[in-house]
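Hi there,

Here is the structure I promised to pass on to you.

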Amino acid sequence: KMGDDAVKMCEEGATSIACLGVDFMSESVATIMSRNGYAHIPVYRATARHIGCSLAESAEKDAYQAWLQKGRAENKNALHVVYINTSLETKAVSNSIVPTITCTSSNVMATILQASSEVPDVKIMYGPDTYMGENLVTMFTSILNANWDDDKIAKALHPKHNRATLEKLRDNIDVYPNGNCVVHHMFGNEVVNTVKNNYDDAFVTAHLEVPGEMFQIAMEKSLVDKGVVGSTSDILKFISGKVSLAVEEEAASASAGATPSGDNRRLKFILGTEAGMVTSIVKSVQDILAAAGSKTIETEIVFPVSSEAVMGVDDDDLAVVPGVAGGEGCSTAGGCATCPFMKMNDVDALSDIAEMVIENSDEKKMKSHLPPQRLIGKKIDGIDAVDLGSEPILWMRHFMKESAMPKSLIQKISS
């Protein structure tokens with residue numbers, strides 16, 4: 001999405017692009033722009049400093065390559081499905097070992113379902129996000145245990161799948177065991193127990209990247225329409241939909257002449273993802289309630305984090321705030337309520353970039369804000385490294401547009 005938006009900006013006359021994100025994001029944006037004829041337009045990061053990502057860096061270790069090489073050696077038809085939140089170098093190196101396609105949290109399920117429908121005996125190697133991979137397996141297991149029949153699976157998941165093919169796919173998923181995001185790592189046992197003991201009546205949402213127990217609660221709730229698991233957009237859509245439904249029920253009751261009870265109706269939602277998402281959810285809920293003129297529906301968004309991720313302050317109105325010695329919203333035991341890397345992007349940083357471009361600052365300073373260019377001029381097995389790293393992204397874009405795996409990818413898997 002960021003890459004497509006950047007290309008559109010270039011088409012409309014932009015002469016430079018500011019990318020607010022971690023390094024692999026600006027790197028991907030620059031690559032997509034290059035593939036669309038805009039390699040001459042610079043992409044600037046918010047800071048000259050390295051903007052890392054714990055998840056992306058877990059795929060840059062020797063252990064990740066060893067896992068891929070082992071999978072390729074042991075499986076005839078292997079496909080590496082790599083989370084988009086990785087560096088271009090990771091994509092290139094991975095693609096040189098195992099045919100690789102990128103995915104997002106929104107399309108990962110559709111990607112592996114489609115791949116397995118076209119290559120029935122495909123071995124899915126998913127990485128580097130361990131929680132997401134394990135949760136995908138959990139989702140398939142929960143669906144099978146809920147006794148979905150062939151017809152429901154075909155309608156709800158994929159027209160070419162049934163119980164037998166879904167079970168085969170689940171058993172053919174190999175998840176990288178040592179990768180996680182510091183944000184979603186926050187949702188551990190303490191948080192799970194809090195949700196179970198104090199919020200049994202709440203809707204529960206969970207991003208695909210959260211730890212298993214938290215995900216399992218949301219998965220079980222989702223099977224009875226009391227929760228959702230998926231991407232941030234899935235979570236936003238679910239919460240907005242439940243609030244809209246409550247508004248519709250309130251209006252229907254009023255039009256039927258029912259006597260108001262006088263009590264407000266409160267909807268509770270457990271938010272199992274990064275805290276920064278609260279803003280978009282609150283805005284959506286406020287817009288829905290304001291448009292309906294509702295005065296009786298209340299919505300409570302609960303963001304459960306470890307007690308180690310907050311600290312007490314001398315404030316009568318606000319007893320705790322995010323932040324401990326480990327950093328804002330981060331727990332000394334591991335995990336963060338907000339991404340410390342993304343927080344390196346702020347309005348001041350954007351203002352500095354704009355000023356730098358407008359004033360045409362010295363070349364050295366401007367170059368320090370460019371994305372990493374570790375692959376420029378390099379080859380892997382005689383193939384241009386940038387081309388190798390771009391291929392998995394282009395294959396994903398083809399799938400999103402055509403709802404089918406590219407023929408070149410299928411041939412590479414089978415060769």
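This is a predicted model: local features need pLDDT of at least 70, side-chain atom pairs count only at pLDDT 80 or more; totals for chains, interfaces and linings use all residues.

**The whole protein**

The protein has 415 residues, of which 48% count as buried. You will find 17 helices and 14 strands in it. Take the contacts between residues at least 6 apart in sequence: 71% of these join residues at least 24 apart. As for the surface, the protein exposes about 20,000 Å², and carbon and sulfur atoms supply 51% of that area.

**Two pairs of helices**

Start with helix 1 (residues 2-11) and helix 2 (residues 23-35). Their axes come within 8 Å and cross at roughly 50 degrees. An angle under 35 degrees would count as roughly parallel, and 65 to 115 as roughly perpendicular; helix 1 and helix 2 are therefore oblique to each other. The crossing is right-handed. On the helix 1 side, the contact is made by Met 2, Gly 3, Ala 6, Val 7 and Cys 10, while helix 2 brings Met 25, Val 29, Ile 32 and Met 33. Sorted by class, this contact of helix 1 with helix 2 has eight nonpolar residues, one polar residue and no charged ones.

While you look at helices, here is a handy rule: an α-helix has 3.6 residues a turn, so residues three or four places apart point the same way.

Next, find helix 7 (130-145) and helix 11 (residues 212-222), which pack at an angle of about 35 degrees with their axes 10 Å apart. Helix 7 and helix 11 also make a right-handed crossing. Helix 7 contributes Tyr 131, Asn 135, Thr 138, Met 139, Ser 142 and Ile 143 to the contact, and helix 11 contributes Gly 212, Phe 215, Gln 216 and Met 219. What classes of residue make up the contact of helix 7 with helix 11? There are five nonpolar and five polar residues, and no charged ones.

**A covered helix and a partly exposed alanine**

Helix 5 (residues 88-97) is mostly covered, with eight of its 10 residues buried. Those buried residues are Leu 88, Thr 90, Lys 91, Ala 92, Val 93, Ser 94, Asn 95 and Ile 97.

Ile 97 also turns up in another pair: Ala 66 and Ile 97 are 31 residues apart in sequence, yet their C-alpha atoms are 9.8 Å apart in space. Ala 66 itself sits in helix 4 (residues 62-74). Ala 66 has 39% relative accessibility, so it counts as partly exposed.

Most residues other than glycine have a negative phi, and most peptide bonds are trans. With that in mind, have a look at these places.

- The peptide bond from Gly 127 to Pro 128 is cis, with omega near 0 degrees. Pro 128 lies in the loop between strand 5 (123-127) and helix 7.
- Asn 147 is not a glycine, but has a positive phi of about 60 degrees. You can find Asn 147 in the loop between helix 7 and helix 8 (150-156). Its relative accessibility is 59%, so Asn 147 counts as exposed.
- Asp 381, also not a glycine, has a positive phi of about 55 degrees. Look for Asp 381 in the loop between strand 13 (379-380) and strand 14 (383-384). Asp 381 counts as exposed because its relative accessibility is 66%.

Enjoy exploring!

Best wishes

Conventions. Residues are numbered from 1 along each chain as its sequence is written. Side-chain values use heavy atoms; hydrogens and water are left out. Axes are lines fitted to C-alpha atoms, for helices over the stretch in contact, and angles run from 0 to 180 degrees between N-to-C directions. Helices (H or I, at least four residues) and strands (E, at least two) are DSSP runs, numbered from the N terminus. Angles under 35 degrees count as roughly parallel, over 145 as roughly antiparallel, 65 to 115 as roughly perpendicular and the rest as oblique. A crossing is left-handed if the near helix is turned anticlockwise from the far one by less than a right angle, and right-handed if clockwise. Contact means heavy atoms within 4.5 Å. Ala, Val, Leu, Ile, Met, Phe, Trp, Tyr, Cys and Pro count as nonpolar, Asp, Glu, Lys and Arg as charged, and the others, Gly among them, as polar. Buried means under 20% relative accessible area, exposed over 50%, partly exposed in between (1.4 Å probe, protein chains only). Accessible areas come from the Shrake-Rupley method with a 1.4 Å probe; for residues, only the protein chains shown count as cover.
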